[in-house]
Amino acid sequence: MTTDTEMYALSIITENRAGVLRDVATVMADYLANIQMIQQSIIASGPNTGKAYLYFEFEECGNHGELIADLARVPSVVDVTIYPPFSRIFGSRVIIIGGGAQVAQVALGAVNEADRHNIRGERISVDTIPLVGEQDLALAVDAVARLPRASILVLAGSLMGGEVSRAVERVRAAGIPVIALKMAGSVPSHADLVVTDPIQAGVFAVMHVSGKAVFDINRVRGREF
């Protein structure tokens, strides 16, 4: 498995036209740069408004200077910049979804615990979105499995079930553990861990993600605290 120390990232600004992604990927393939992640969007503000933005993370290929020089020679390319990968900047992600008040309390615990780990050299970030409504919640939960570096999900609310519970099962099947607050509905029975105190739920989530903490959700799966 590739570690983040063997990963590199670069951003490319190009003209917004068909075939650019193919041209760029062809150059990277010529250098045996094995692409692990790609994002593409159209720039909406600033001096490059309307141009395309490509972001790649790729495995070590040994000759970055030549790779960047050849990418810069692609006719549609405007700029090429190399960066550390997101895993070295934002690290593992704790995702918190649910009702605003409960999300805020879970985030309080998660951010405080992440601070302790990050000042010691780890990288753990916390993402939140307050949502209500079964369909919106289910869509958001399902999307967690598609988020880069999402490492654990915390569901914070007073009532969740139905489609949300089915989405929880799909996220768990993708290898992402789920913590639920103690609440009405069927979600707690589908989660890996149920926690009454929202602040403690946030702390547990970060401790599980940490590479240095001793807490492991697999050891307490199915428990309620």
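Let's start at arginine 93, which sits in strand β5, residues 92-98. Strands here are DSSP runs of E, at least two residues, and helices are runs of H or I, at least four, numbered from the N terminus. The model is predicted, so local features need pLDDT of at least 70 and side-chain atom pairs need 80 or more, while totals for chains, interfaces and linings use all residues. Residues count from 1 along each chain as its sequence is written, and side-chain values use heavy atoms, without hydrogens or water.

Is arginine 93 buried or exposed? Arginine 93 is buried, because its relative accessible area is 14%. Buried means under 20%, exposed means over 50%, and partly exposed is in between, with a 1.4 Å probe and protein chains only. What does arginine 93 touch? Leaving out residues up to four places away in sequence, its contacts are Ser125, Asp127, Leu147, Pro148, Arg149, Ala150, Ser151 and Ile152. Contact means heavy atoms within 4.5 Å.

One of those contacts is arginine 149. Find arginine 149 in the loop between α5 (134-144) and β7 (150-156). Its phi is near 65°, which is positive, and this is not a glycine. Arginine 149 counts as partly exposed because its relative accessibility is 24%.

Leucine 32 gives a second case. Its phi is near 60°, again a positive value in a residue other than glycine. Look for leucine 32 in the loop between α1 (20-30) and β2 (35-42). Leucine 32 is exposed, because its relative accessible area is 72%. Most residues other than glycine have a negative phi.

Now the sheet that holds β5. Here 5 strands form an open sheet, with parallel pairing, in the order β6-β5-β7-β8-β9. Two strands pair if DSSP finds at least two bridges between them. Which strands are at the edges? The edge strands are β6 (124-130) and β9 (193-195), and each pairs on one side only. On average, neighbouring strands of this sheet are turned by 20° against each other, direction ignored. Angles lie between axes fitted to C-alpha atoms, for helices over the stretch in contact, and run from 0 to 180 degrees between N-to-C directions.

Zoom in on β5 and β6. They pair in the parallel sense over 7 bridges. Isoleucine 96 faces threonine 128 in β6. Isoleucine 97 stands opposite isoleucine 129, also in β6. Then comes helix α4, residues 100-118, which lies across β5, β6, β7 and β8 (178-181). Its direction is about 175° to that of β6.

Next, helix α6, residues 163-173. Which of its residues are buried? Val164, Ser165, Ala167, Val168 and Val171 are. Down the axis, these buried residues fall within an arc of 160°, so they line one face of α6. The arc is taken from the directions from helix axis to C-beta atoms. The buried residues of α6 pack against α5, β7, β8 and α7 (187-190). Just after α6 comes glycine 175, with a positive phi of about 95°.

Pick out valine 168, in helix α6. Valine 168 counts as buried because its relative accessibility is 0%. Not counting residues up to four places away in sequence, valine 168 touches Val141, Leu155, Val178 and His190. Valine 168 and alanine 145 are 23 residues apart in sequence, and their C-alpha atoms are 9.9 Å apart.

On to the other sheet. This open sheet of 4 strands has the order β2-β3-β1-β4, with antiparallel pairing. β2 and β4 stand at the edges with a single partner strand each, so one side of each has no neighbour in the sheet. The twist averages 15° from one strand to the next. β1 and β3 pair over 8 bridges, in the antiparallel sense. Leucine 10 stands opposite phenylalanine 56 in β3.

What lies across these strands? Helix α1 lies across β1, β2, β3 and β4, at about 25° to β3. Helix α2 lies across β1, β3 and β4, at about 160° to β4. In α2, residues 64-72, the buried residues are His64, Leu67 and Leu71. They cover an arc of only 60° around the axis, so they are on the same side of α2. Their cover includes β1 (7-14), α1, β3 (52-59) and β4 (77-83).

That's the tour. Thanks.
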